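Keep the structure open as you read, and take the points in order.

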Amino acid sequence: MLKGYVNRIIPFSFVDGPGNRSAVFLQGCDFSCKYCHNPETINMCSGCGRCVELCPRGALTLSKEGIKWNSGLCAFCDRCLKVCSYNSSPRVRTMTMEQVFEEIREALPFIEGITVSGGECTKQNGFVTELFREAHAFGKTAFADTNGETDFRSIPELTKEMDKAMLDIKSSDAREHIMLTGSSNETVIENARYLASIGKLYEIRTVVVPGFLDNFRTVDFASRLIAPYPEVRYKLIRFRKWGVRGPLEEFPVPDDSVMEPLKELALKNGVKIVEVI
Amino acid sequence: MDTGCHLPAKGMQRGNQMNDLMRILKDPKLTYRQRLFSLSKAAENIGEPVKLSEKAQRFADCGIIYDMGEGNTPYCPRYVVPDYDKFLKQGSKFLMLAPPSDIWEAVSNLQIIYHHVPSVIGLPVYIGHLDRLLEPYIADEKEARRAIRMLLTHVDRTVSDSFCHCDIGPYDTRAGRIILELTEEMQRPVPNMSLIYNEKTPDEFALRAISAGLTASKPSFVNDGMYSAEWGESYAVVSCYNVLPIGGGGLTLGRLNLKKLADASISREQLMNELLPDAVLAQCEQMDKRESFIIDECRFFENSFLAAEELIYPERFVGMFGLVGLAECVNKTLGATAQEKRYGHCEQANAFGEEIIDRIDKLVSRYKPKHGKFYLHGQVGISSDEGVTPNTRIPVGEEPDLPTHLMVTARMQKKFPCGIGDIFPFEATAKRNPKAVLDIIKGAFSMNMRYLSFYSSDSDVIRISGYLVKRSDILKYKEGKAVLSNSASLGSEAAGNLHAFERKVRSSDDA
Ligand code: SF4
Ligand code: SF4
């Protein structure tokens, strides 16, 4: 039985795809975006033990097998996340597909489907494929929220079991993309084309950070890319500093005077559904 | 109206009666209409209350059973639900109205008949299944929009009471769409509104209704599958969420206060084997006698053109056996103090709650009143209630996670053919994803939840217990300004006592 590293599970989410969904956040991501909202999902725990002493509830213990988290004692104060300099979390759980579904069992009658998010879900593609298969067995839809770092052609099993993906196009420019995430955008853009062409792209998103990214260029490029596929939506996300660490911590939230022209641009380029949040 | 607002104390001494009347006459806080209404209620209360057996009277005296301030000498049914569909088809001899030939005449005929529909609030608590009524008269959509806006405005400004209720659905119609659009646009609390929902309701129409609900806190969703199995197709949702047969209505509403009952009991056994059966019987007796008074002594049906023209039938009237405070009753009786042992959170507590409802249901359905039959109704509370949770709800502030909350609610709503409902405020993100709310409604209805109301946490119009008020009106009322809606005063009181503003807002992070 495959196991996955689960950062957390939200039984009801209104913001992770169409309808009401259970969102499963996995641990581990190869990008390290400067505006990451949940940097504690990026790396696996190194077992350094630093958070153990700082936990006010004694919910953490360190043994040979690594860190152990006692959810019953935890106050969810997030102190452990703040002190971890590895961008990790001691609250990550190793779970089987059955355990994940046991946890969302009560939510199942009320949801349209599940969304696997992250971290980056394609890093654990075998586990995710199992989650998707099980979701379908319950008559639910299966969505992936992905950064597009893995070529979906190289993971055909997952691609087959997945209904649709929500994909970030963070920047259309390779250099800017590297500056922002530490990786190139080649595969991301290839994935956008491929997933759209097989009808498995639900939405693309771009986080707008004026003064830091060339948002206009990216939105222009990305909207042209998806325009031939009228069902694909474009979500333009205002940068918000919540959870962000590092140089962007003090950047302001862009207002409508920034967002509206970008929305108009996407519409002008032929995208049918553009949402600003 | 589920409250005794503006009512002078019952059984007032004759010497005080004149003083009380004068107080109403001179009360500067009351408008002319409110004085008129209060005077008529005071007159009703000059007579002695309908005589009860000694045992039943004891339950009444300590407030375990309550006649809902309907008046000592009731002379009309609490809720009248005329067959407006028939009225539009046949016109009315008594009102000298021909059947309408266009939408303006239809709207005008309705506005006229509303003035002649009796109820406990002196104003209609049901104004019809509006989309079904008006759809046949739509020739031009623009014109229809104007006519329907006029009707809704008329009702809002003249009835001005959120217990006035209209129904729409289950089908997608032009009239239905216009009503939903106007609901969003007008942002008024009156009329209250329900969407009869079943598997034939197209998602697109349901989503429009949800969008309206997230901006204007109405319509609520009705699980048609449950109600049509009990009443057939011809039922209406009226007042808060009372469900009654069309062409009939509800004769009286009695209310069993389960919290007070538990306070009076010494053990679970005594509660279940002695107090509960006695209290149920007492309430049935009170309802029975009051109903006989309306029908046999006041001969309501004999001087009603609604009955003469067969817009109502005496045999389609029922009695509403209301109850409140199940949560408190369960917690008190089980001595449950720790949250995980309490009603809504613990299987034992929930099972006990279900047992109580089942027992009441058995006792009530066994009772044979002189007129009609009695059915359970999950009463929504009155504005002066303190520490008593409406019907079978989980107390505000103790809500478990949303999936559990929905499941417990559905489980407890099974035995209430005369209506029961619960309310869920959603966070504003739902507005961008109304499908999420539809998923929740579909899930809840598949588990036999009967009725679900919702609003968005950032709305101005919000639901207090079953009726709607504008937050801004409550603020105005609190500042001492006169407002049109009767419900603002109730809302102001109830918002405090029922903690309506403190309900747990349902959000994405709701685990
Ligand atoms: S959130 Fe982290 S630090 Fe806080 S109680 Fe839980 S384990 Fe301890
Ligand atoms: S979670 Fe972070 S701080 Fe805690 S043991 Fe792991 S790496 Fe160290």
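1. Start with a pair of helices in chain B. In α9(B), the residues B:Asp203, B:Ala206, B:Leu207, B:Ile210, B:Ser211 and B:Leu214 meet B:Pro434, B:Lys435, B:Val437, B:Leu438, B:Ile441 and B:Lys442 of α17(B). Sorted by class, this contact has eight nonpolar, one polar and three charged residues. Please bear in mind throughout that this is a predicted model.

2. How do the two helices cross? Two packed helices are described by the angle between their axes and the distance between the axes. Here helix α9 (residues 203-216) of chain B and helix α17 (residues 434-446) of chain B pack at about 105 degrees, and their axes are 9 Å apart. Angles of 65 to 115 degrees count as roughly perpendicular, so α9(B) is roughly perpendicular to α17(B).

3. The largest nonpolar core has 171 residues, and A:Tyr234, B:Phe221, B:Leu406 and B:Phe426 have the most contacts inside it. Helix α17(B) gives this core its largest share, seven residues. A second, separate core has 41 residues, including B:Met272, B:Ala327, B:Cys329 and B:Tyr367.

4. Finally, find B:Ser384, in the loop between β11 (374-378) and α16 (402-412) of chain B. B:His345 is 39 residues from B:Ser384 along the chain, and 27 Å separates their C-alpha atoms.

Note on methods
Residues are numbered from 1 along each chain as its sequence is written. Chains are lettered from A and ligands numbered from 1 in the order in which they are written. This is a predicted model: local features need pLDDT of at least 70, side-chain atom pairs count only at pLDDT 80 or more; totals for chains, interfaces and linings use all residues. Side-chain values use heavy atoms; hydrogens and water are left out. Axes are lines fitted to C-alpha atoms, for helices over the stretch in contact, and angles run from 0 to 180 degrees between N-to-C directions. Helices (H or I, at least four residues) and strands (E, at least two) are DSSP runs, numbered from the N terminus. Angles under 35 degrees count as roughly parallel, over 145 as roughly antiparallel, 65 to 115 as roughly perpendicular and the rest as oblique. Contact means heavy atoms within 4.5 Å. Ala, Val, Leu, Ile, Met, Phe, Trp, Tyr, Cys and Pro count as nonpolar, Asp, Glu, Lys and Arg as charged, and the others, Gly among them, as polar. A nonpolar core is a set of buried Ala, Val, Leu, Ile, Met, Phe, Trp, Tyr and Cys residues joined through side-chain atoms within 4.5 Å. Buried means under 20% relative accessible area, exposed over 50%, partly exposed in between (1.4 Å probe, protein chains only).
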